[in-house]
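Here is a short note to read alongside the sequence and the model. Please keep both open and look up each residue as it is named.

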Amino acid sequence: MSNISGQSTIKSATSVSSKSAVLECTDLTMEYINGPEKVQVLSQLNFRAFRGERIAIVGSSGSGKTTLLHLLGGLDTPTSGDVVIDGKALAKLSDAELGLFRNRSLGFVYQLHHLLPEFTALENVLMPLLIRGEKRKVITPRALALLERVGLGHRVDHKPSELSGGERQRVAIARALVAEPACVLLDEPTGNLDPNTAESVNQLMLDIGREHQTCFITVTHDMALAQRMDRILRLDQGQLVEQSIYVNAVEKEG
């Protein structure tokens, strides 16, 4: 295993090297103050992800996986270093600009679906576009098509309380994709699902990522899911270490 830097990532991930980098971290460092002590979670981490690439980030509990995901999503601010997504340096954006950027360029899927309980599946999927001011009659066909794609065309008018755990997570995936983001960040997306449901959701994510050339970055303890990704990166002592390199699924199927 070798430490991952921006350059070595490009060389090792030969299946995606011809594609454009959609996300890049440079010298990303995160420290916390715990009383008199300074705790370093991430240490000058360098990392690139490419359009259409599917990456699993694994590591022991407390290694900083969720912290890294929050930094990538602009939900937290690093002590030092940069995160650039779709050509935008997150540190240079105001709070208002960052909120708009997340809405347009990033999707999020969490272990808990975080659906709004008072709204239907369709309304939950529409929400990111409604928030940015788009007209409902214009965007509804896109949301309906996504719900159909995730197998919930017959459940569009059901509220979260009327859906199973797997169905709720499928709605969350559709919501993450409705804005056609450059990158989707997932935090233990199948952690609360039974093995059969988790498998179907995993396959759905892989299929959609391939179809839409969306970059998926997934923090997971599920090695069955991780091993189906294009790359597995292990977070160890504040650095990402390449654990395995997989031939891109598109190339394998071709």
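1. Basis. This is a predicted model, in which local features need pLDDT of at least 70 and side-chain atom pairs count only at pLDDT 80 or more, while totals for chains, interfaces and linings use all residues. Residues are numbered from 1 along each chain as its sequence is written, and side-chain values use heavy atoms, with hydrogens and water left out.

2. Whole chain. The chain has nine helices and 10 strands (DSSP runs numbered from the N terminus, helices being H or I with at least four residues and strands E with at least two). Of the 254 residues, 50% are buried (under 20% relative accessible area; exposed is over 50% and partly exposed is in between, with a 1.4 Å probe and protein chains only). Among contacts (heavy atoms within 4.5 Å) with a separation of 6 or more, 71% are between residues 24 or more positions apart.

3. Helix H4. Is H4 mostly covered or mostly open? Eight of its 11 residues are buried, so the helix is mostly covered. The buried residues are Ala121, Leu122, Asn124, Val125, Leu126, Met127, Pro128 and Leu129. They pack against H3, H5 and helix H6 (165-177). Just after H4, glycine 133 has a positive phi of about 95°.

4. H4 against H5. The two helices pack at an angle of about 125°, and their axes are 9 Å apart (axes are lines fitted to C-alpha atoms, for helices over the stretch in contact, and angles run from 0 to 180 degrees between N-to-C directions). That makes H4 oblique to H5 (under 35 degrees is roughly parallel, over 145 roughly antiparallel, 65 to 115 roughly perpendicular, and the rest oblique).

5. The contact residues divide into 10 nonpolar, one polar and three charged (Ala, Val, Leu, Ile, Met, Phe, Trp, Tyr, Cys and Pro count as nonpolar, Asp, Glu, Lys and Arg as charged, and the others, Gly among them, as polar).

6. Helix H3. In helix H3 (residues 95-105), Leu98, Phe101, Asn103 and Ser105 are buried. These residues pack against H4 and against four strands: E4 (80-85), E5 (88-89), E6 (106-109) and E7 (183-187).

7. Salt bridges. There are nine salt bridges (a side-chain nitrogen of Lys or Arg within 4 Å of a carboxyl oxygen of Asp or Glu). One of them joins arginine 54 and aspartate 230, at 3.4 Å from N to O. Arginine 54 is in strand E3 (residues 54-58) and aspartate 230 is in the loop between helix H8 (223-226) and strand E9 (231-236), 176 residues apart. Both residues are buried.

8. Glutamate 123 and arginine 136 form a salt bridge at 3.9 Å, N to O. Glutamate 123 belongs to H4 (residues 121-131) and arginine 136 to H5 (residues 136-149). Arginine 136 is partly exposed, with a relative accessible area of 40%. Glutamate 134 pairs with arginine 132, with the closest N and O atoms 3.0 Å apart. Glutamate 134 is also partly exposed, at 24%.
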